[in-house]
Amino acid sequence: MELLRSNLARVRIPEPTTRIYKHECCISFDTPKSEGGLFVDMNTFLAFGRDYVGWNYEKTGNPVYLHIKQTKKTIAEDRPSKRPTLLAIGIDGGFDNSDPQYEESYEIVILPDYVNLPFPFVELPEKVRLAVDATLMAEAAERKEQVASWTADKKLVSKYAMDLQQLDNGVVVSPRGWKCAKCDKTENLWLNLTDGSILCGRRNWDGTGGNDHAIDHYKEAGYPLAVKLGTITADLEGADVFSYPEDESVLDPLLGQHLAHFGIDFSSLQKTEMTTAERELDQNINYDWNRIQETGQDVEPLFGPGYTGLVNLGNSCYLAATMQVVFSMRPFCSRYYVEQSLKAAFSVAPADPTVDLNMQLTKLAHGLLSGKYSVPILEDDDKSNAPSSLEGIHPRMFKSVIAASHPEFSTMRQQDALEFVLHFIDQVDRMNIGNPNFDPSRSFKFGIEERLQCPSGKVAYNGRKDYILSLNIPLEKAVNKRELADFQKLKAERDAKGKDVSTDEIVRPRVPLKDCLDCFSAPEEVHDFYSTALKARTTAIKTAGLTSFPDYLVLHMRKFVMEEGWVPKKLDVYVDVPDIIDISNMRSNGLQPREELLPETAAGDGEESPKLLADEVIVAQLVSMGFNYLHCQKAAINTSNCGVEEAMNWLLAHMNDPDIDSPISQDVQTPHIDRSKIDTLVSFGFEEELACRALKASGGNVEQAAEWIFSNPSASAASDMDVTTSGGAAVDTLLPDGGGRYRLLGLVSHIGTSTHCGHYVAHILKDGRWVIFNDEKVGISKNPPLDMGYLYFFERLES
């Protein structure tokens, strides 16, 4: 006790705003359930596992810790399980995920000799008792940053309900025997509350559901509210009312009155259909992602180093799938696992290692690759000792720090895996500014060169750097056109009879990957191109190629395209991807001996003004949505690189401009920079060159320029992602390069109608076999969906 009293100065009582970590070690994935429990530093309130708490003592000298240990309770075998009534986890009425119950015990531990004192204990100093009580009562920082349980949004009253127009058309709805007015569907039927029409619901992504007749009727007539037949009972709050203009399930306080208009006595109706929420619950209970991905085959679980799953934190499968592939690559394995220990990363981390990207990358790498957390969980009643499941690790701290500079990734909403990979690479690149030899993101980087030739025969070259090669999918190159024609004929016959084609009968276009690659390099006409040689607008021919081949080639398949009206649509297509590809023919060799460059300016035009360069992060995100690269550059420049949303708005407003395809050098120039504004920024301590760049990027606004500098810590270094115009493909010695033959290493596939919904799964070639990584589930893949990838990862084969 005297030892504790002598160290009271190193004990703090936490304030209400203090970040307290007590669920997970900040440098490993140890938890109170781990064998050694968790040690909470009573001065910094950071948590450490048994193997790592000594490092913290060596670094900080803080000796007093609260030791938290959880042991599993014994649960009665006959405990009944409840069916969930809410789309939620961990709350009353939500999913019973069969997690075991734990008992928690506490003690005070004093380092370096690990002297133990029980807690609670009346003889403990009051300061210690108050500090421990406050720590145990406080909500953990881990929970604040990652909501552990999530529920569906509460339904709101529709703004159309109170003044809903109902037609006096004499429609009387019978209490049973309903059928879609436009087909033979007798389930998933919706009653429009304006005109009383009964029509089938939406078609699901997998072909099941209705035929979209109810939504089509709304588009034609504009009647906003519909109620799902079969969900109406005496308890009207349980009825499923949908608002088409609000695009969500809503409450209709006057539903009884609206139903009575069509002769419906709701008190006599019995429930026969699931509500949308209940159907969502049913899908969560019964939907087996492994079955979808593996065509009904049981997946044999795998355990050990490199086979650790990542627990879904709530719509975080985009993170789990991409990080599994990234940490299967040698540069990231070497940088954050083989060459950097946890202790080394912790020793150079700031006072709070939870906010240090280098520390959290090292933690994630060791968690995934060491095998420490990839052990089977045996059920208590399992007599065979066969592994039943894998717990996986929770990447909470990594998600928190990687998303700190991106508002979307910090939410619990589903995100685009492509956008996340680009953001991740950008953050790793920024972290390694000045140390290119230690930057694993370099292995993705390559050069792209575009060649423009006008009718004069003269040429221009534009170069840029990128990390991911986005490919259009030319549906006209499908190799199964005859089968597609037969399927369309069959579908038309079934539609005429009001019947569906079965899932087994659906035929999708099948396009070889080579045609997608050829499409990238194929000649393309650029209309209304201003030729400085001809001094007139004309049509130029554009081709593209790569100036270097990266160590790891990432291909993005543009499966999401914009239809008329800017409505996103997912291409229902297969891409045949071989194990080995050769892109040697895609290399661009720059200006050739007999080629002549287009003049920079026409004679007598005078000197060109300096030009604002497009922010390549903004451009890359717009290009990933399927927009033309030149158009994206213009959008970024004309909005002064303010952000993706501003650039998107400009792009949509100027898509039909007659000069949209004109070279940037002819129509976009940097505004004049006021010398006094440069001097103002210089007086703040910024270099003049950096001040000029910031003012250019912010349209001359001093406040925005200062914010731009703070938001772009790497801006002081020369950016190697800038677009350049030159006479040829000057080889960047900092870029990796080699042969053009690659082997498929892994893919990330997507299920769903949009990149912002659905589910992402990774398949990776490990130890000569394909392995599926589906959140925390890891197992042998018997039928990897190589033709369904959204992102493909290739490793260059050495000659």
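The model is predicted, so local features need pLDDT of at least 70 and side-chain atom pairs count only at pLDDT 80 or more, while totals for chains, interfaces and linings use all residues. Residues are numbered from 1 along each chain as its sequence is written, and side-chain values use heavy atoms, with hydrogens and water left out.

**View 1. Arg-451 and Glu-595 meet in a salt bridge.**
A salt bridge here is a side-chain nitrogen of Lys or Arg within 4 Å of a carboxyl oxygen of Asp or Glu. By that rule the count comes to 25 salt bridges. For the side chains of Arg-451 and Glu-595, the N to O distance is 2.8 Å. The pair links distant parts of the chain, 144 residues apart: Arg-451 sits in strand β13 (residues 446-453), and Glu-595 in the loop between β23 (580-582) and α17 (616-624). Helices (H or I, at least four residues) and strands (E, at least two) are DSSP runs, numbered from the N terminus.

**View 2. Glu-524 pairs up with Lys-542.**
This salt bridge comes in at 3.6 Å, N to O. Glu-524 belongs to strand β17 (residues 524-531) and Lys-542 to strand β18 (residues 536-546), 18 residues apart. For accessibility, buried means under 20% relative accessible area, exposed over 50%, and partly exposed in between (1.4 Å probe, protein chains only). Glu-524 has 37% relative accessibility, so Glu-524 counts as partly exposed. Lys-542, at 13%, counts as buried.

**View 3. Asp-551 forms a salt bridge with Arg-796.**
The closest N and O atoms of this pair are 2.6 Å apart. Asp-551 lies in the loop between β18 and β19 (552-557) and Arg-796 in strand β29 (residues 789-796), so the pair ties together parts that are 245 residues apart in sequence. Asp-551 is partly exposed at 26% relative accessibility, whereas Arg-796 is buried at 7%.

**View 4. Strand β19 is mostly covered.**
Six of the six residues in β19 are buried. Tyr-552, Val-554 and His-556 point one way from the strand, and Leu-553, Leu-555 and Met-557 point the other way.

**View 5. β19 pairs with β15 and with β29.**
Two strands pair if DSSP finds at least two bridges between them. Strand β15 (residues 469-471) runs parallel to β19 over three bridges, with Leu-469 opposite Leu-555 in β19. β29 runs antiparallel to β19, joined by five bridges, and here His-556 stands opposite Leu-791 in β29.
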